[in-house]
Amino acid sequence: MTGTSTALLTDHYELTMLAAALADGTAERQCVFETFARRLPAGRRYGVVGGTGRVVEAISRFTFGEAELAQLSGVVDQACLDWLADYRFTGDVDGYAEGELYFPGSPLFTVRGTFAEAVVLETLVLSILNHDSAIVSAGARMVSAANGRPIIEMGGRRTHEEAAVASARAAYLAGFATTSNLEAKRRYGIPTAGTCAHAFTLLHDSEHAAFTAQVEALGTDTTLLVDTYDITRGIETAIEVAGPGLGAIRIDSGDVGVLARQARQQLDSLGARNTRIVVSGDLDEYAIAALRAEPVDAYGVGTSLVTGSGSPTAGMVYKLVEVDGRPVAKRSSHKESKGGRKAALRRHKPTGTALEEVVHVVGAEVEEGPHDRRLQVPLLRGGQPAADGPSLEESRQRVRDGLVSLPWEGLKLSQGEPAIPTVYVEK
């Protein structure tokens with residue numbers, strides 16, 4: 001994707017507004033746009049910011065070459081086309097670092113620039129942040145439920161091909177151990193894992209022949225899928241072929257908790273005490289939590305991860321909050337926004353447990369305690385990256401640190417209020 005223009009990954013109405021603002025002289029007014037979520041998805045106690053690094057990179061490619069301008073002929077007038085031909089974002093952006101927790105009202109991505117150069121970024125910013133934040137937030141809940149057991153991301157066949165790559169990145173950010181997506185390895189260096197599907201077993205004349213072929217090709221540390229036919233016989237055959245040093249078996253159907261228990265007893269009786277049990281098949285955070293007491297060594301998660309486990313968008317919006325230094329705010333029922341550019345800090349107990357999210361208008365008097373932490377960091381200055389962004393590994397650590405900082409009740413999977421309240425300070 002490097003070098004490909006992102007300029008048409010946008011909505012027609014962005015350019016309608018741009019053309020009209022250029023025509024009436026308001027395009028150059030200095031503005032502030034903020035990205036935030038009015039609320040968390042139902043049943044969620046926290047959100048995790050995902051996609052920040054991808055947004056910053058995508059903004060650098062938001063330019064209009066001849067091909068893009070040709071597509072817009074007839075969409076906007078010639079004056080707007082001429083303006084777009086020279087477009088480069090030259091403003092400033094501050095936001096929450098990737099992997100940071102967020103709550104309702106958190107100013108996640110603050111864009112400062114002229115109306116013209118900032119308004120056209122809305123769809124690009126929201127499409128990336130809404131998708132990636134939804135996936136990493138769901139993934140973080142699954143990682144918490146797994147309680148230290150590794151999870152493999154394997155949802156590439158359940159979503160758009162590009163969304164699959166972004167989802168694999170978000171899952172790894174959340175703490176997943178590996179992905180099945182090879183493009184995610186190429187782009188982001190994420191470790192991959194994968195063995196065989198039922199089709200490979202069905203290809204062969206017998207399960208014994210299929211397992212033999214796989215072990216000969218991949219070694220005894222491979223994972224054999226044992227539930228194509230009868231699972232008890234499948235486990236017996238797997239150990240016959242690979243010996244008690246078999247790396248793992250995978251169970252992909254049925255009541256995996258009961259089957260895992262039976263499999264563990266059978267493996268132990270066959271001397272395969274170190275053979276791991278991997279389970280998959282429509283797992284989500286609730287199913288993973290229910291399996292915590294079972295002898296499961298790893299999980300494979302697909303559909304629920306790439307669809308945000310029921311919340312495929314984070315519900316973020318991109319709103320104009322300041323024009324030429326003057327606060328502006330939307331007052332529509334259920335879609336209110338608070339005027340003025342905001343900053344945020346998170347208060348903590350001396351032990352490190354988070355207490356509240358303080359969102360305040362820039363310039364308001366806010367007392368900072370010794371354990372408070374400022375949340376926004378510079379992302380772009382003059383249209384250029386403010387600094388080298390954190391590595392994916394550093395962002396993974398930020399997610400882990402954030403989850404450790406939450407009150408215990410904030411990690412519950414049950415319905416409830418956000419883990420910490422958001423407090424607004426306007427003056």
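Predicted model: local features only at pLDDT ≥ 70, side-chain atom pairs only at ≥ 80, totals over all residues.
Residues are numbered from 1 along each chain as its sequence is written, and side-chain values use heavy atoms, with hydrogens and water left out. Helices (H or I, at least four residues) and strands (E, at least two) are DSSP runs, numbered from the N terminus.

**Domains and annotations**

- The domain assignment, whose bounds come from an automatic or database source, divides the chain into domain 1 (12–135 + 311–425) and domain 2 (195–296), and the C-alpha centres of domain 1 and domain 2 are 45 Å apart.
- According to an unreviewed UniProt entry, residues 8–130 carry the annotation "domain: Nicotinate phosphoribosyltransferase N-terminal"; over this stretch the chain is 41% helix and 19% strand, with 18 Å between the end C-alpha atoms.
- The unreviewed UniProt entry also places "domain: Quinolinate phosphoribosyl transferase C-terminal" at residues 137–303, where the chain is 49% helix and 12% strand and the end C-alpha atoms lie 15 Å apart.
- Both annotations are given in the numbering used here with shortened feature names, and such annotations may be inferred rather than shown by experiment.

- T237 belongs to helix 11 (residues 231–242), and, apart from neighbours within four places in sequence, T237 is in contact (heavy atoms within 4.5 Å) with E207, H208 and F211.
- T201 lies in helix 9 (residues 198–203) and counts as buried because its relative accessibility is 3%.
- When neighbours within four places in sequence are set aside, the contacts of T201 are S206, E207, A210, F211, T228 and Y229.

- An open sheet is formed by 6 strands in the order 7-6-11-10-9-8, with parallel pairing, where two strands pair if DSSP finds at least two bridges between them.
- The edges of this sheet are strand 7 (178–179) and strand 8 (223–225), each of which pairs on one side only.
- Within the sheet, strand 10 (residues 276–279) and strand 11 (residues 298–301) run parallel and are joined by 2 bridges, and V279 has Y299 in strand 11 as its bridge partner.
- Helix 12 (residues 256–269) packs on the sheet and touches strand 9 (248–251) and strand 10, its direction making about 155° with that of strand 9.

- A second open sheet has 4 strands in the order 16-14-15-19, with mixed pairing, and its edge strands are strand 16 and strand 19 (422–425), each pairing on one side only.
- Strand 14 (residues 342–348) is mostly covered, with 6 of its 7 residues buried.
- Strand 14 pairs with strand 15 (residues 354–361) in the antiparallel sense over 7 bridges, and in this pairing K342 stands opposite V361.
- The hairpin of strand 14 and strand 15 has 5 residues between the strands, and G352 in this hairpin takes a positive phi near 100°.
- Strand 14 also pairs with strand 16 (residues 373–374), again in the antiparallel sense, over 2 bridges, with R346 standing opposite R373.

**Strand 5 and its partners**

- Strand 5 (residues 109–114) is largely enclosed by the rest of the structure, because 5 of its 6 residues are buried.
- Strand 1 (residues 30–37) pairs with strand 5 in the antiparallel sense over 6 bridges, and V32 stands opposite R112 in strand 5.
- Strand 3 (residues 92–96) is joined to strand 5 by 4 bridges, the two running antiparallel, and the bridge partner of G95 in strand 5 is F109.

**A helix crossing**

- The axes of helix 7 (residues 161–174) and helix 15 (residues 392–405) come within 7 Å and cross at roughly 55°, where axes are lines fitted to C-alpha atoms, for helices over the stretch in contact, and angles run from 0 to 180 degrees between N-to-C directions.
- Helix 7 and helix 15 are therefore oblique to each other, since angles under 35 degrees count as roughly parallel, over 145 as roughly antiparallel, 65 to 115 as roughly perpendicular and the rest as oblique.
- R169, Y172, L173 and A174 of helix 7 make this contact with L392, E393, S395, R396 and V399 of helix 15.

Note on methods: Buried < 20%, exposed > 50% of the residue type's maximum accessible area, 1.4 Å probe, protein only.
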